[in-house]
Amino acid sequence: MDGVLTRTPTGRPRAAAVGAILILCLAGAPLMSLFPVALWEVTRGLVLNGLGLEAMLIAPVAVGGMLLMFLAGAYWLHWARVTHPASCAGLVTGTALATPVVMGFLAPALRPFPGGLYVNSAVVSALAATVAMSVCVLFSRRAGLRQPGILPGVAVAAAALLVLPLASEHMRDRSTEQRSLAQIQDFGYPIAVLDHPSWVPVRVHEVHGGLRMTYVSGQDPDSPDSPGGTEDPGTSGPGVAPGTGDDTLPALPAHVTAGAAGPGVGSENPEEVRPGTLHVLSWTPERKAEGIRSGCDFPGVECSEAEPLVAVHRGVGGQAGARLSEVRSQLEDDVIASVHPVGTVSPDLLFAVAQTLRVEHPGERSLLAETILHS
């Protein structure tokens with residue numbers, strides 16, 4: 001296979017061929033990358049308007065558009081005396097059309113440049129096509145009877161498309177970390193902390209009414225020594241508040257712990273519905289002004305007090321048929337926090353954990369942020 005460029009008598013590639021390739025990559029590829037994005041927007045608009053059959057007419061338009069772009073690129077390279085105009089045009093066209101599809105469906109978080117999908121697809125397509133064709137040009141300078149032609153460029157373009165989803169995941173993790181740091185540092189009110197080494201914060205979200213931190217247990221929920229095991233929650237697991245000097249929690253009235261503990265606020269995420277997961281909500285002053293019994297007068301909501309805790313049952317049929325959805329605690333400095341079960345959590349465990357809540361120490365937010373980032 002010959003190289004992709006024609007050569008001067010001295011053996012150097014002709015400037016016209018190199019210029020034509022650069023123009024096709026830097027100008028033609030970004031324009032071609034807009035075609036599938038616009039096509040998708042038009043198709044989705046037709047489907048949302050109830051024109052499903054009419055949307056099928058987009059298929060011949062798509063095929064015709066891709067064929068037209070390929071022929072235009074091949075003609076342009078042929079006019080510039082590139083040795084393999086059809087193959088080079090196919091490589092650039094394929095890269096330009098595949099890049100926005102991959103970025104839109106497999107790498108939705110990848111937005112390295114300011115702007116939306118249109119701008120990022122155009123820029124990434126131009127870069128990928130230019131690098132792929134540059135590799136082809138470099139390999140075509142090799143001396144010898146057989147040269148790889150556009151095969152190196154195809155390998156580079158394929159590798160770039162495979163890297164895009166990985167880069168998207170990395171950017172998503174980075175944005176999540178930055179958002180978590182900002183939410184913790186910018187929360188203008190005291191944060192409630194679950195003070196037990198068996199419970200580790202893994203996520204933070206600013207929700208209606210406060211800052212919600214998600215904790216997971218580092219122990220096996222099914223083991224006897226775990227927080228949700230069969231041992232007394234007042235003598236082991238996260239039910240022990242460190243530094244209190246009292247290893248036994250006060251006995252709770254039977255009517256308070258009646259009923260199973262069910263998913264609490266924010267449990268709509270299936271990934272979070274698992275044993276040994278809790279939400280700790282630090283209330284804002286607006287929510288705190290409503291009082292610790294906020295919402296207890298709503299239908300289907302029953303609240304029971306066990307100083308300094310308030311148990312909230314939600315459901316029908318009284319506490320026996322309702323589910324324990326949260327336990328609220330009045331902390332020092334007039335701070336209110338609530339613990340919400342996610343998945344399977346026993347009522348005894350929920351009350352034991354609620355009694356380990358405390359207000360953050362000065363400078364502790366940085367430690368919380370570091371724990372979340374490394375969890």
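F187 is buried (under 20% relative accessible area, with exposed meaning over 50% and partly exposed in between, using a 1.4 Å probe and protein chains only), at a relative accessible area of 3%. This is a predicted model, where local features need pLDDT of at least 70, side-chain atom pairs count only at pLDDT 80 or more, and totals for chains, interfaces and linings use all residues. Residues are numbered from 1 along each chain as its sequence is written, and side-chain values use heavy atoms, leaving out hydrogens and water.

**Aromatic pairs**
- Rings of Phe, Tyr and Trp (its six-membered ring) pair if their centres lie within 6.5 Å; planes under 30 degrees apart are stacked, over 60 edge-to-face and the rest tilted.
- That rule gives three aromatic pairs.
- One of them is W40 with F105, edge-to-face with 5.4 Å centre to centre and 75° between the planes.
- W40 sits in helix α1 and F105 in helix α4, so this pair links parts 65 residues apart in sequence.
- W40 is partly exposed at 42% relative accessible area, while F105 is exposed at 53%.
- F187 and Y189 have ring centres 5.4 Å apart and planes at 80°, so they're edge-to-face too.
- Y189 is partly exposed, with 31% relative accessibility.

**Helices α1 and α4**
- Helices here are DSSP runs (H or I, at least four residues), numbered from the N terminus.
- α1 (residues 15–48) and α4 (residues 85–105) pack at about 45°, with axes 8 Å apart.
- Their contact (heavy atoms within 4.5 Å) includes L24, M32 and W40 of α1 and V92, L97 and F105 of α4.

Key
Axes are lines fitted to C-alpha atoms, for helices over the stretch in contact, and angles run from 0 to 180 degrees between N-to-C directions. Helices (H or I, at least four residues) and strands (E, at least two) are DSSP runs, numbered from the N terminus.
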